[in-house]
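Subject: Structure handover and findings

Hello,

Here is the structure for your files. My notes on what turned up follow below.

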Amino acid sequence: MTSSSVDELPSAAETLTYQIPSDTTPIDPIPSSNDVEAVGEKRKRDDDDDEKTTNLESSTPSPWFKTSLCSYFRRQGSCSHGDACKYAHGEKELRQKPDNTWDPTSERGKKVKMMSEKSAEEEEEVGDVMFTEEMMDDNDGEEGGVHDLSLSKCLVHLPTKWQSDDIKTFLREQGVEYKFAKKRRGMMVGFLTFENAEQLKNGVEVLEGKNVNNKSLKIANVLPRTFDKNGAKNPAAKLKSAREAVTPLADLSYADQLEQKKASISQMLKKLTRNARKACPNGKSLPEWVLQSREIGGLSCKLEGIIESPLVNGYRNKCEFSTGYSVEGKLTVGFMLGNFSAGVTAVEEAVNCPNISKLACRYASIFQSFLEKSRLPVWNRFKSCGFWRQLTVREGSKPGVVSSDEDADSRIAEVMLMVQVCSTDTDEAEVATEFEQMAKAFAEGARASSPPLPLTVLVVQDHVGISNVAPPDCPLRLLPIPVSDNGTHQDQSTNVLTEARIHDHINNLRFSISPTAFFQVNTCAAEKLYSLAGDWADLGPDTLLFDVCCGTGTIGLTLAHRVGMVIGIEMNASAVSDAERNAKINGISNCKFICSKAEDVMSSLLTEYLDVSETEEAKPLSGDLEKQISSAEEISNSEDAPPANIQEVQKTEQKDSSETERSTKRQFKNVVAIVDPPRPGLHPDVIKALRTHPRLKTLVYISCNPETLVANAIELCTPSFEKTGQENKGYRRQSKMGTAALARHRAKKMPASEPFKPVKAMAVDLFPHTDHCEMVMLLNR
């Protein structure tokens, strides 16, 4: 173990008093030949040496004093030199070295190294920057005109909250002279132009590596546009195509894609093992699954393999197309070619993207043709203004139809189109006219296609936020779809539907889907995913299944026939309404869905359903409770009932009848939870509730982001600390701390409870041609 390097040697003057720090045991200042002792034995000092050292330390202390950890102290837990030792006894005594670095063997040294490596990776990812819209233009009335790119630079890793005024203030504080500076909120890059080469040189010297909000600034060159304003192509400029941006693995064979994803999952399992070792309390033996990991190559559990997708091409049943302008300046409906935060806002048509259905591409083309004639502008990401923002195409499949990649579109029976707009500062009459023309364009385009395209629902979502990601309660407006009048070619409006819904099928069950509800984008692969989860969960008639983050209830409903009861938890009100409707459509009566955040109700639900006395027998429902449940069902089944009413009835039912229901709960011998959280993973309160309830023995974790599964598994699977929370005293989260490191700190606060252990894992490829993959892990205790 090395505590210092040759580059860190003290000066010659310092060596008169202190020797070079050792990588083994502490060495006394200027030992004589008579003081040599056997390795491993405690060394002794005479009084003269102690007095000399003390005087020298008090007068001219070495800058290396206490900058390295005492290796003898760490091995033996003690040191004969005590306070007089020039090495640090633990992290509290440790000081920085003269070059402002930490002992690389210390916790702080390791943390700094990890952060620097992460920063280096981030900087490597950012090369030259090409703005694809108005950042380089004089669109704010500032002087500047056409900018000389040879005198222009980009500042990368700026705070995303900064705007132009913030970057100008920052440049003034640093004493940097410049001609033009601009930055948009939400971006990590800013554009900067200098008056001359001297200003450029001085500015780069001052700004390169400058620390801003714990990030090191990087100066990047500004690439010219791929096309200039006159449409002339610049061969020197390069940009990803839509195919490369959306399906980066499309040029690999499918077998190679599967191997690459399987290797990625293996790395995640090894990462879980490494972090579990670090998270275990000192003085406690490592969990058995950590010790056994050495027998399977460091994996936390056995990786069973990867399940491939039945459909490899055209499998997505939901596609979101952005509106904007291409690198040539053409109005386009398609996919973004890069991240807005990196300065790229160019949009390219979804040409040659193998994961998208031809039907979805056709509707994007119809919408693009309509926008070219529209009098309302498309959304401008730099200015955060405009009207037309996004087109979402959702598809519903026919029941029991198994199609191949070649005829994937033949399985599509229903289509929902959702157009996202921003109606701020617009005329209502003009907007109504535009909507009417848009509906006509979609209807005519669908009929003109060969074969004709299905069109079931057309809905408008009004969203005023900066990002296209709208909240679930964003206002929706159902538009009538014009239909042809039997060959007369006169359009008449019809609005037979009173709700915006389409339907899809999984495992012979029919699912009703509202515009914003979550539904797996690969229906065929989802069937395999849910069957796997059910097989691993060890289900039976005496099983109570908690479906956490249930969405429209797909997991719970497909497994309901294999269990005694399903409790689904979902925060999206429209998704809960869909789940209840789906249960009725399929004649399933043993499912109950709770509309709430899982972190708010998970603990109380486990207590409510699992802590009932086993001697109590089931009793018939009271009259009042039957009326409330009946009323709730009537409202949920009503075609025009708003979701808010359903929530009110549910809340009233839960509040007024909770005590009555406690005495009617059926007892279940087996309790299982299946969780399918969004990309950020489970909330810490949900993890705490799942882990600390002793009767919950089996947990199946389905993850679309293996990185967060690793973090959650650290908290679920590491032993508890004896003194809960004491180990985290004084801990402050660092901005660059990774999810795994943060999970290790949270694990120290976990109440005393029996940890889970990872049993086995499986990868399921729901997203061919992309880097993403679903991961399923079985945990039990």
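Buried means under 20% relative accessible area, exposed means over 50%, and partly exposed is the range in between. E715 has a relative accessible area of 2%, so E715 is buried. Please keep in mind that this is a predicted model.

**Salt bridges**

Searching the whole structure gives 10 salt bridges.

E715 pairs with R746 in one of them, at 3.1 Å from N to O. This pair links distant parts of the chain, 31 residues apart: E715 sits in helix α19 (residues 706–717) and R746 in helix α20 (residues 739–747). R746 is partly exposed, because its relative accessible area is 27%.

E434 and R375 form another salt bridge, and their closest N and O atoms are 3.6 Å apart. E434 belongs to helix α11, while R375 is in the loop between α10 (358–373) and β11 (388–397), so the bridge ties together parts 59 residues apart in sequence. E434 has a relative accessible area of 5% and is therefore buried. R375 reaches 59% relative accessibility, so it counts as exposed.

K66 and E93 also meet through their side chains, with 3.3 Å between N and O. Again the pair links distant parts of the chain: K66 is in the loop between α2 and α3, E93 is in the loop between α3 and α4 (107–125), and the two are 27 residues apart. K66 counts as buried because its relative accessibility is 7%. E93, at 31%, is partly exposed.

**Backbone points to check**

K66 comes up again here. It has a positive phi of about 65° although it is not a glycine. Its loop runs between α2 (47–59) and α3 (71–76).

D538 is not a glycine either, yet its phi is positive, at about 55°. D538 is in the loop between α12 (523–536) and β19 (543–548). Is D538 buried or exposed? Its relative accessibility is 58%, so D538 counts as exposed.

There is also a cis peptide bond, between S450 and P451, with omega about -5°. P451 lies in the loop between α11 (428–448) and β13 (457–462).

**Charges and a chain contact**

R74, K110, R274 and K278 form a positive surface patch. Where is K278 found? K278 is in helix α8 (residues 254–279). It is exposed, because its relative accessibility is 59%.

K153 is another lysine to look at. It is part of strand β1 (residues 152–156). Its relative accessible area is 17%, which means K153 is buried. The C-alpha atom of K153 is 8.7 Å from that of V204, and the two residues are 51 apart along the chain.

**Cysteines**

How many disulfides does the count come to? With cysteine sulfur atoms required to lie within 2.5 Å, the count is 0 disulfides. C280 has a relative accessible area of 8%, so it is buried. C773 counts as buried too, because its relative accessibility is 6%.

Best wishes

Note on methods:
Residues are numbered from 1 along each chain as its sequence is written. This is a predicted model: local features need pLDDT of at least 70, side-chain atom pairs count only at pLDDT 80 or more; totals for chains, interfaces and linings use all residues. Side-chain values use heavy atoms; hydrogens and water are left out. Patches are made of residues with over 30% relative accessible area and no salt bridge: like charges are joined within 9 Å, nonpolar side chains (Val, Leu, Ile, Met, Phe, Trp, Tyr) within 5 Å. Accessible areas come from the Shrake-Rupley method with a 1.4 Å probe; for residues, only the protein chains shown count as cover. A salt bridge is a side-chain nitrogen of Lys or Arg within 4 Å of a carboxyl oxygen of Asp or Glu. Lys and Arg count as positive and Asp and Glu as negative; His and the chain ends are not counted. The place of a charge is taken as NZ of Lys, CZ of Arg, CG of Asp or CD of Glu. Helices (H or I, at least four residues) and strands (E, at least two) are DSSP runs, numbered from the N terminus. Buried means under 20% relative accessible area, exposed over 50%, partly exposed in between (1.4 Å probe, protein chains only).
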